[in-house]
Structures are given as structure tokens and as C-alpha cells.
2 protein chains.
Amino acid sequence: MAAWGERLAGVSGVLLDISGVLYDGGEGGGAAIAGSVEAVARLKRSRLKVRFCTNESQKSRADLVGLLRWLGFDVSEGEVTAPAPAACLILKQRGLRPHLLVHDGVRSEFDQIDTSNPNCVVIADAGEGFSYQNMNKAFQVLMELENPVLFSLGKGRYYKETSGLMLDVGPYMKALEYACGIEAEVVGKPSPEFFKSALQEMGVEAHEAQRRAPPGSQG
Amino acid sequence: MAAWGERLAGVSGVLLDISGVLYDGGEGGGAAIAGSVEAVARLKRSRLKVRFCTNESQKSRADLVGLLRWLGFDVSEGEVTAPAPAACLILKQRGLRPHLLVHDGVRSEFDQIDTSNPNCVVIADAGEGFSYQNMNKAFQVLMELENPVLFSLGKGRYYKETSGLMLDVGPYMKALEYACGIEAEVVGKPSPEFFKSALQEMGVEAHEAQRRAPPGSQG
């Protein structure tokens, strides 16, 4: 492996994924991946700008940052780009009122959003919340709209927990797309807009950035 | 509308859909669609062969026929082509042992099928059975197989009940297809094999058959 200096020539910022890169989720919150706490600390001491870019949609940024700090990471809420706040921005810009099919842990991110008389649907990794009843309700809301708009916070197929593989939001996005004959708007990775907003928040141009994610991941 | 004789020239058999054609499902079992009891009786008095071809996968054929007879239809179990028995035939022919994600009402159709140590997954319109936990289990079974095989009893998007639109099996088939990166084998309409087996059971060639279904339906 080349030395840092050589590998980072021309790079002025680093966008770090969180889950599966900095820590692995699991019982009791999860565990830091070996070396990652030190790597983040070293990056922060360097001349490089650092930002965290996640598709985590089960937890609010506050809860996620609380967990990361507890695991030893130097990170604050303002340094994290996550799909729920990005979705809130889009909803406000377009005057949309969502029906939410999301995990209770992330619901607080939508506190400032009007959810009355919904004219779109937002789905996220809802875990057990993906019951038939909840999916059918989201489906019915979409079918009652003249122009059904579905936002999906990420489109991951599955993720790994200590208990095994878990279905992510992507399969449920596909289910609603097929049921309604529509295409969802993905908010989060791998949407280019999402990466761009993370870079913008970091104050770095795309060509100056280095993304760090495991090979083959959507990170 | 042309007279029966003219419309049926060259036709020697009639394949009838059931749900939405002969009766509408709903509370208390549902209700016969006006004129359909008499139409079936008239067909049966004619020179035409008659067979019933359904994608119903929440009920066993015995329960379905019981309901239809209660509604006044002249129909017996042996006259019904349904996806669950068709799937059982395929499972036996190919030596497959399914993990079943199906409605309790249709489980009896699989009584003679070995479901130990599954090497494929069969999904049907499971209704409330499409919980996150059940979907995740089906997903995990597929991911543990070297060659994941998924059968879907039909691929309907949704159907109408008196309480409103209900998600059918199709969206859940799409979810598992996307999660596992596979393509399901559809048993039931609109699979040509399914229609062919119905015709075979009726003793009619395809060109001699007339299908009767509402315009635009998958029936």
C-alpha cells in the first residue's frame, strides 16, 4: 500500500461511511471496527476535511452520534450527512407532506415536517415496522394520489447483523414500485445528489474528495 | 354483442376465472357477481367443456369450492386449476423441499410435501403473514442456498376487497427477487404453462379455448 501522502495527492477531503466501515451494528449497539477510532482521529489531525456520510435510517443523527461517541469516535452531529435530514429538505422545498413508513428511532428527524393529509410517501429501513398492514397503508396512500411520489431513504438490499442477514429498505421500495407502477426517488447513497450535498457541506469539490468504503459496497 | 353461437364458433372449451369474475371477495366470504351463477349453469348445459382457472392462493381448493357452492355455483374441486396444486406437482417432479411463506388457509394443499431442510422457497398471497420476520426468514433461506429457487404463486400487484385495495403476492416476489438478485418462477397466471395445464386437464387444445376475464386483468 502506498504511503498516505502519495495516495492522497490532490485530495482535500475525506467522506467516511459509518456502518460496516467505522463500526458493526449488533446487540448492545455494536462494536468499533479495529483501527477505525484511531483512523478517524488521525484524519482529523491532518490537513484533510472529514465528513461522515451514512445511509443509516433507523436512528436519528443524534442517536447515531451518541453511539459513535460512546464507541470512542470524535464526531459531532453537524459532521454527519444522513438521508432523513436530506429528505426533510426536499420535502420542504417541494411542499410535500409525507406519510412516513419509518423506524420509530428516526421519527424525531421529521418532527418539523407536516404529515397531515399526505401527498407523498417516505420509506426507510423500518425493520419490524414493515408489517403487511403498514406496507398496505403506504400502498393505499400512494394509489389515492394523482401523481404518486415515493421517497426511499437508500435502496440497500440487506445488511448484516450479529443475528444474521436482514432485509434493508430496497426490497420494500421495489415492492411498492411494482405494486403502484412507479419509480421511487432514492434519497441517500448511491444518489449523486446525496454525495454532492455531503461534499457541499464539507466545502470540497467532487474531484478533490476521496471516498472510503469496503470494496463492492454501496457505501 | 354477437350471439353466443357466432362468438363461440370453433371454441370447444371455456376457461373461467373465479375471483372478480364469478364472485367478489369480502366480509363473510363475498358475493356472487350478478348473472354469474346462471352463466356457469348455462355453460354447463351447453356442448362446451368448462373449467375454472384461478390464482387464488389464500384458500385451499376445497375451501374455495365450498364457498362457491354456498354462493350457488355448480362446481367441484376436480374442475378447478389453482397454483398451489400446480406448485406441488413441480416440487415433486424436481425433488424440491419448500420453505413455505403462505396463508394458513392454503397450507393444507402442501400436506403431502416434504418441507424439511428446505432447498427452495414458495410464496403465495400470505396477507398478514407477510411480516418482516417471515419475509426475512424466506430471504435468509434463499441466501443460504447455492442456487436459490423462488416460486411465486401468481404475481398480481393488488386486489380489491370491500375494505379497499390489498397488496397481492407480486410486490413481495419483487422484494425477494431484488434482495437476492434472482428471478422467481411464477406458478399460476399469467404463466403459459399454467394455462396449458388447465387446458390439458379439460382436454382442449389452446386454439379451441376461450378465456373469459375482465378487460385489462391478468385473469
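Tutor: Two strands pair if DSSP finds at least two bridges between them. Keep in mind that this model is predicted.

Student: Which residue in S7(B) stands opposite B:Leu100?

Tutor: Start with the strands. Strand S6 (residues 98-101) of chain B and S7(B) run parallel, joined by four bridges. Opposite B:Leu100 stands B:Val122.

Student: What is the bridge partner of B:Val121 in S8(B)?

Tutor: S7(B) also pairs with strand S8 (residues 150-153) of chain B. That pairing is parallel and has three bridges. The partner of B:Val121 there is B:Leu150.

Student: Are the residues B:Cys120, B:Val121, B:Val122 and B:Ile123 of S7(B) buried or exposed?

Tutor: In a regular strand the side chains alternate between the two faces of the sheet. Here B:Cys120 and B:Val122 point one way, while B:Val121 and B:Ile123 point the other way. Whichever way they point, all of them are buried.

Student: Now the interface. Which element gives the largest share of the side of chain A that touches chain B?

Tutor: The contact takes 28 residues from chain A and 28 residues from chain B. Across it there are 16 residue pairs in polar contact, both at pLDDT 80 or more. Elements giving two or more residues to chain A's side include helix H5 (132-144) and helix H6 (169-180) of chain A. The largest share, eight residues, comes from H6(A).

Student: How many salt bridges are there between chain A and chain B?

Tutor: Look at the area first. About 2600 Å² is buried between chain A and chain B, and carbon and sulfur atoms give 65% of it. A:Tyr132, A:Leu167 and A:Tyr178 supply 33% of the area that chain A buries against chain B. The salt bridge count between chain A and chain B is zero.

Note on methods. Residues are numbered from 1 along each chain as its sequence is written. Chains are lettered from A and ligands numbered from 1 in the order in which they are written. This is a predicted model: local features need pLDDT of at least 70, side-chain atom pairs count only at pLDDT 80 or more; totals for chains, interfaces and linings use all residues. Side-chain values use heavy atoms; hydrogens and water are left out. Contact means heavy atoms within 4.5 Å. Buried area is the accessible area (1.4 Å probe) that two parts lose on being put together, summed over both. A salt bridge is a side-chain nitrogen of Lys or Arg within 4 Å of a carboxyl oxygen of Asp or Glu. A polar contact is a pair of N or O atoms within 3.5 Å; within protein, one must be able to donate a hydrogen and the other to accept it, and residues adjacent in sequence count only if both atoms are side-chain atoms. Buried means under 20% relative accessible area, exposed over 50%, partly exposed in between (1.4 Å probe, protein chains only).
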